[in-house]
Amino acid sequence: MIRPRFARTLAAAAALLTFTSLAVACSSSETTTTADGKTVLRYEGTTGQVSFPELAADLGYYQKVELNWIGDTTSGPQSIQNAATGQTDFGGAFNGAVLKLAAADSPITSVIGYYGSDKETFNGYYVLDGSPITSARDLIGKKVGMNTLGAHHEFLVREWLAREGLTPDEIKQVELTVVPPVNTEQALRQGQIDVGTLGSVFRDKAVERGGIRPLFTDESIFGSFTYGSLLFRDDFIAKNKDAVADFVQGTARAIRWTQTTPRDDVIAKYKDIITKRGRNETTDLVDYWKSPGVAGPGGVITDKEIQTWIDWLVRNGELEDGKLTPADVYTNEFNPYANGTFQPESGPDGEVLEGQK
């Protein structure tokens, strides 16, 4: 059940609220349908990568929706802002960023988890081998490079610093700076930053070249954990509930497919999808895919995955205690691995997996 949003906003988010309200009012976001009655969902992708919705579409898991790619994005906060303002129909971001948007009274609801960390898939925060930085306290007055502020990496760095005993005032003295992922390794090696955030292919290539070591990783903090979710506007869900339900079940099955399919088969499928869609992309990044990095079966969201960041925002004075609960910002209503359609341990078609018979 999707609960109503709080009427009041945080003072710090007033500007965002004004922008969101105006943009929604001015946006031409009327839902369109195909000739055979499918609801068209506008979305943004990522160059050289395959999202779970794109995989679901290719696997034939959707019956009532059709995807319409309108461009690419590299920023989670921008992705969900575009969904909230009606520029797209769904978007995805780190759950901390989702909560900030919800706290600004933006009427959105997360419906499925879509990225996180595990032993194979994680982000590391690296320093040079010869760096004197060995602890959180050593970061005071130092620069940490990351792809964007106000999202996953900023939250994780601040969370680690707090866990290591730094005070809020000391944490403020750690300089967080934006560095594109493609430039992070070079910036670290040239001394432009003291710590570089590296994940996926950028981490693997940098580690292969040597001379760096991890100060910590997101997996070392939380273990296997889903960090981000896909969301829709509440008005879109209300008007298109069947379409949203179909989108979630199909996307959940696609996630589950990657959770239960051999890595080489997933990579081959991703390369095939990228080649077929004809966006003038390389498939080189796909070879570095290791695991889905989603903790729950089929992207089922847990209270802990949301409450962790509510607590963080409250502790940092960015959210009034009691303003939001996990149930205010997400629902598993449409996920077949949570609503009783499939058993959580079953496969992408609800089948009993080998070894569980």
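In the predicted model, asparagine 280 counts as exposed, with a relative accessibility of 80%. This residue is placed in the loop between α12 (263-277) and α13 (303-315), and asparagine 280 has a positive phi of about 60° although it is not a glycine. A positive phi of about 70° is likewise found at aspartate 105, which is not a glycine either. Aspartate 105 belongs to the loop that lies between α4 (95-103) and β4 (108-117). With a relative accessible area of 22%, aspartate 105 is partly exposed, because the value falls between the limit of under 20% for buried residues and that of over 50% for exposed ones.

Turning to the strands, the model contains an open sheet of five strands, arranged in the order β7-β6-β8-β5-β9 and with mixed pairing. The edges of this sheet are formed by β7 (175-178) and β9, each of which has a single partner strand, so that one side of each is left without a neighbour in the sheet. From one strand to the next, the twist averages 35°. Strands of a sheet pair through backbone hydrogen bonds, in either a parallel or an antiparallel manner.

Within this sheet, strand β5 (residues 123-128) is largely enclosed by the rest of the structure, because five of its six residues are buried. In the sheet order, β5 stands between β8 and β9. Towards strand β8 (residues 195-199), β5 is joined by four bridges, and the two strands run antiparallel; within this pairing, tyrosine 126 has glycine 196 of β8 as its bridge partner. Towards strand β9 (residues 212-217), the pairing of β5 is also in the antiparallel sense and extends over five bridges, with valine 127 standing opposite arginine 213 of β9. In a regular strand, the side chains alternate between the two faces of the sheet.

Helix α5 (residues 152-163) lies across β5, β6 (143-146), β7, β8 and β9, and the direction in which α5 runs makes an angle of about 65° with β5. Helix α7 (residues 181-189) packs on the sheet as well, where α7 touches β5, β8 and β9, its direction making about 150° with that of β8. Strand β5, five of whose six residues are buried, is thus among the strands that α5 lies across and is also one of the strands touched by α7.

Conventions
Residues are numbered from 1 along each chain as its sequence is written. Side-chain values use heavy atoms; hydrogens and water are left out. Buried means under 20% relative accessible area, exposed over 50%, partly exposed in between (1.4 Å probe, protein chains only). Two strands pair if DSSP finds at least two bridges between them. Axes are lines fitted to C-alpha atoms, for helices over the stretch in contact, and angles run from 0 to 180 degrees between N-to-C directions. Contact means heavy atoms within 4.5 Å.
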